[in-house]
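The sequence and structure come first, and the text follows.

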Amino acid sequence: MITEEKKTCYFCANGIEEVDFLNLALLKKFINQRGKIINPKRTGTCSKHQRKIATAIKRARTVALLSPSYK
Ligand SMILES: [Zn+2]
């Protein structure tokens with residue numbers, strides 16, 4: 001079932017310009033249990049910030065703060 005829930009970009013709503021890759025609690029909101037980046041359509045993140053999240057998550061993986069996606 002499709003929910004027509006109106007979602008706003010978390011970062012735009014909170015006036016966050018840069019995504020801190022050390023902020024794991026935040027990054028984890030945007031990855032699923034397998035460690036994959038959740039579709040921005042589901043999180044409501046705009047493309048501008050989605051790109052920043054993706055970069056932050058990749059960076060966090062590089063420094064092994066986040067485990068790479070399983071499987
Ligand atoms: Zn945004």
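Val-63 counts as exposed because 9 C-beta neighbours lie inside 10 Å. The terms work as follows: a residue is buried if 20 or more other C-beta atoms lie within 10 Å of its own, exposed if 12 or fewer, and partly exposed in between, with C-beta atoms placed from the backbone. Val-63 belongs to the segment after α4.

The model is predicted, so local features need pLDDT of at least 70 and side-chain atom pairs count only at pLDDT 80 or more, while totals for chains, interfaces and linings use all residues. Residues are numbered from 1 along each chain as its sequence is written.

**Overall make-up**

The protein has 4 helices and 0 strands, in the order α-α-α-α from the N terminus. Helices here are DSSP runs of H or I with at least four residues, strands are runs of E with at least two, and both are numbered from the N terminus. Of the 71 residues, 17% are buried. Two residues are in contact if their C-beta atoms, placed from the backbone, lie within 7 Å. Of the contacts between residues at least 6 apart in sequence, 67% join residues at least 24 apart.

**The core and helix α4**

The largest nonpolar core has 9 residues: Val-19, Phe-21, Leu-27, Phe-30, Ile-31, Ile-53, Ala-56, Ile-57 and Ala-60. Helix α4 (residues 47-62) supplies the largest share of this core, 4 residues. A nonpolar core is a set of buried Ala, Val, Leu, Ile, Met, Phe, Trp, Tyr and Cys residues joined through C-beta atoms within 7 Å. In soluble globular proteins, nonpolar side chains tend to be buried together.

The 16 residues of α4 should span 22 Å at 1.5 Å a residue, and the end C-alpha atoms are 22 Å apart, which agrees. The expected span is 1.5 Å times one less than the number of residues. Within α4, the buried residues are His-49, Gln-50, Ile-53, Ala-56, Ile-57 and Ala-60. Seen down the helix axis, these buried residues fall within an arc of 125°, so they line one face of α4. The arc is that of the directions from the helix axis to the C-beta atoms. Exposed residues on the other side of α4 are Ser-47, Lys-48, Thr-55 and Thr-62. The buried residues of α4 pack against α1 (10-13), α2 (24-27) and α3.

**Three further residues**

Ala-60 lies in α4 and counts as buried because it has 20 C-beta neighbours inside 10 Å. Ile-37 lies in the loop between α2 and α3, and with 17 such neighbours inside 10 Å it counts as partly exposed. Thr-43, in helix α3 (residues 40-43), is partly exposed, with 18 other C-beta atoms within 10 Å.

Leaving aside neighbours within four places in sequence, Ile-37 is in contact with Phe-30, Ile-31, Ala-54 and Ile-57. On the same terms, Thr-43 is in contact with Phe-30 and Ile-38.

The table gives C-alpha separations for these residues.

| Pair | Apart in sequence | C-alpha to C-alpha |
|---|---|---|
| Thr-43 and Thr-8 | 35 residues | 8.3 Å |
| Ala-60 and Asp-20 | 40 residues | 9.4 Å |
| Ile-37 and Gln-50 | 13 residues | 9.4 Å |
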